Every structure is written in structure tokens, then in C-alpha cells.
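Please find below a short note for a colleague who is meeting this structure for the first time.

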Amino acid sequence: MSELKQEITLLSGIGQLSTTLLGTGLFMVPAIAAGIAGQFSLWAWLLLFIAICPIALTFAQLGKRFPNAGGTAYFVRKAFNPKLEKSVAWLFLSVIPVGVPAAIALAAGFLQQLLPQGFSSSLMAQIITVALLIAVNLAGAKSSGRLQTIIAIAIFSLIAAFWWKGGFTSQDLVLPPLSADSVWPIGLALGVMFWCFVGIEAFAHMGEEFKNPQRDFPIAIVVGCFVAGATYWVCSVIILKMGAYGTPAFDSASIPWISEQLFGVEFKTLISIIGFAACFASVNLYTQSLSRMLWAQAREYSPNSALSRLSIRGVPAHATLAVGAVVAVSCVIGEMSGLDLEFFLKLANGIFVLIYLLAMLAAYKLLSGLSRRLAGVSLLLCSAVFICLGWSMLYAVTVFAVLNLPWKRWRTIKQGNIR
């Protein structure tokens, strides 16, 4: 078997993308953004959603015209050359040591509260999470899509319950007046908040597995982004009004704290289940996309290797196990290093924004007409967000620069000198 199974429907695609965009972000970013910009974070969410629309539409056009498990790396190859494709592929993989441990640590924080006493350590919860990720991925895209659709419904129900129980009204949605002093904190908040819309580039790796990619893939991206954006907005309003921000403790525990205030401690177990499921869903798509990117690279450049093989379920099993092993090691290192969520979040954002930049650059070359103009606008927007990242973009720039050094030419020269 050399082709992935086309099992993803429109509904499961929307479920996968919306839960991926919400996932870990919903349980930490609104509180972190509120701590940075206060009430002005509502303006930052609005600006981010406006900025993400052309980017999402551009990804939709790329995925519609070039459905491939290679995702952004494949788009870059079509637009430029195989060398740059490999650089983008490894750039995407470089998010594992900085982004994945933070996401899994957050998921494991919820899982810890559900585990028996002997298994409730942070590291054990992370290892169990990684094992579950591998198991779900090996089951195939169809099963994964169904699971994430159920999780999406649970997340929306939770936010709706907060809104109802907290007695929120339309008056709470009013934006604060802008001032000159609000520009800088809004920009700083945007640098963190972009995390909430990383996932579109990972979703691009799933285009090849849609039953009807030309019709359903772009719709899934647009609807999934809209649903996620609306949910983030409402969640931020709730966090601001409840005052669940401003301290490191709230950075990862604002949602559990709000649930305890509104429903009491009896609701704690349910929140832990939903929190774990939401974070799990987010990391799940990244595990899928990373394994498919590895498989796509192996299929193209090393077709006889184990990484290029598919299981009887049409899943890149060897690539999935390889990604799982790297993630597990990264989690151990992350636990030993004393994980700082906001620090690792910013480093991961640098990688993702640079990948978005390269995808939009490829789109500007590959597309035409209105789609090309939209890609140009998206390129400018991604550049602006990249500037907002400040120092944290140095990790992404350094990794990308190292990947693009003329290693092959240097090896050839060295071998020639040895002879």
C-alpha cells in the first residue's frame, strides 16, 4: 500500500481543525493574553481573527489545488526547489523540543488528577499521553476524526455552560476604547496569541486523506477557523470578567478555577476530562501531521525505507512510532528542565509563524488572480506577526539558517580534500 486512505469527511475535518486550534490554547492563551494586555486583549483577538482570515483562505486554496501529506514543505517544493522543501520539513520537526512538550505537559496536568495515586506523577502522565497519541494515530484518520468531533462538542458545551451560569450578556462583549498606550500591549499579546491559530499548517498535511479534498478541505479550514475564533472571543470575555488572569497560576488553570467558582468542586473531575481531551486533540493532529510529513519525505526521497511504508489501515505506522519516540524523549527533557509554558510557547510560535511566512510566499508564486493577491496580503500580515514575536523569533531564524547552510557542498569539498 503506497497511498493514504481518503477517509476524512467535511464534518470530521471541521471537528479536527477546530479542536486543534482550541486544544491547549483555550486553557492557557486567553489568560496569558489578558495578563499582558488586560481588556485590550479583546482588541487583539479581533485583530488576530481579521489577520488569520486571508491566511486561512490561502491555505484553503493551496490544499484544494495541491492536496499532499507533505503540507507546507510540498507547497514550497512546488514553488521553489527540493532543498528548501527539506529545510521546511526539518523546521517543522524542530517544533518538537519546544512546542510539543509544553502542550503535552498541559494535557498531562489534567490527566494527573484522573490517575490513581501510584501513577499520578507529571512525567508518568506525559508518557501515558504519548502512548495514547500513538495508539489513536495508529487507528487511522477516520477514527481520529470521530474522536475529535466529539471533543469539539464537549468544548463548546463547556463554554456555553460558563456563559449561562455566569449570567453573561451582550453588554459584556463591548470593546474598551483604544488609546495610544494600548498599542504596545496589544502587539505583545498578539505575539503569544498566534499560538491559537497554529494548526492550519498542520491540517494542510491531512489534505490527501479527504474524501473530496477539492470541495471539503477549504470549507473545513474556513468553518474551523471561524468556530475557533468565536470560541476564543467568548472565553476571553469570561476570563476578563471573572478576573481569572494576572498570575502564573492562572496561565494554565484559569478554566478549572472558573468552573470551580461557577459550579463548585464537584465539577472538577468533568473539567479534568474535558481539559485533557481538548489538549489531547490539539497534540493529536500535530502527531498525525508530523508522521505524515516524515512519510511524505521518505516516500519522495527514500521509497525503500521503513518510514515510507503504510500499515494495513493505511497509516504511516513506522513514521508515527518514530515521532512518538522523539516526543517521549522531549517530554523527559522538558520535565527535567523545569518547563516554562510562556517561554516555550513563544519559541514554538516563532517556528510556526516562519512556516506560515514560507507557505504564503509559496502561495504567492503558485496561485493567480484574487488568490495571489490574497496570498500577498497574508504574507504582509505574517511578517507583521513575526516582528511582534521580538526575541523569540531568533530560535526559528537560527534553525532555518542552519538548515540552509551548504552542508552538501561542504561534504563534497571535504571528501575531495581527503582523497
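1. Basis of the model. This is a predicted model, in which local features need pLDDT of at least 70 and side-chain atom pairs count only at pLDDT 80 or more, while totals for chains, interfaces and linings use all residues. Residues are numbered from 1 along each chain as its sequence is written, and side-chain values use heavy atoms, with hydrogens and water left out.

2. Nonpolar core. A nonpolar core is a set of buried Ala, Val, Leu, Ile, Met, Phe, Trp, Tyr and Cys residues joined through side-chain atoms within 4.5 Å. Buried means under 20% relative accessible area, exposed over 50%, and partly exposed in between (1.4 Å probe, protein chains only). The largest such core has 139 residues, and F59, F162, I200, F203 and I221 are those with the most contacts inside it. Helix α13 (residues 268–301) gives the most to this core, namely 16 residues. Helices here are DSSP runs (H or I, at least four residues), numbered from the N terminus.

3. Surroundings of F203. Contact means heavy atoms within 4.5 Å. Residues up to four places away in sequence not being counted, F203 touches G13, Q16, L17, F210, F217, A220, I221 and L285.

4. Aromatic pairs. The whole structure holds 8 aromatic pairs. W163 and F168 form one that is stacked, at 5.2 Å centre to centre and with 25° between the planes. W163 is partly exposed, at 23% relative accessible area, whereas F168 is buried, at 6%. F210 and F217 form an edge-to-face pair, with 5.6 Å centre to centre and 85° between the planes; both of these residues are buried. Ring pairs also link F162, F263 and F267 into a cluster. For these terms, rings of Phe, Tyr and Trp (its six-membered ring) pair if their centres lie within 6.5 Å, and planes under 30 degrees apart count as stacked, over 60 as edge-to-face and the rest as tilted.

5. Salt bridges. A salt bridge is a side-chain nitrogen of Lys or Arg within 4 Å of a carboxyl oxygen of Asp or Glu. By this rule there are 2 salt bridges. In one, the side chains of R77 and E85 meet at 3.9 Å, N to O. R77 counts as partly exposed, at 26% relative accessibility, and E85 as buried, at 3%. D216 forms a salt bridge with R215, where the closest N and O atoms are 2.6 Å apart; D216 is buried, with a relative accessible area of 3%.

6. Charge over a ring. R372 lies over the face of Y364, at 4.0 Å from the ring centre. The rule requires NZ of Lys or CZ of Arg within 6 Å of the ring centre and within 35 degrees of the ring normal.

7. Residue L10. L10 belongs to helix α1 (residues 10–26) and is partly exposed, at 27% relative accessible area. Which residues does L10 touch, not counting residues up to four places away in sequence? They are D216, I219 and A220. The C-alpha atoms of L10 and F210 are separated by 8.0 Å, although the two residues are 200 residues apart along the chain.

8. Residue S236. S236 lies in helix α11 (residues 213–242) and is buried, with a relative accessible area of 2%. Its neighbours within four places in sequence left aside, S236 is in contact with P30, L42 and W45.

Conventions
Helices (H or I, at least four residues) and strands (E, at least two) are DSSP runs, numbered from the N terminus.
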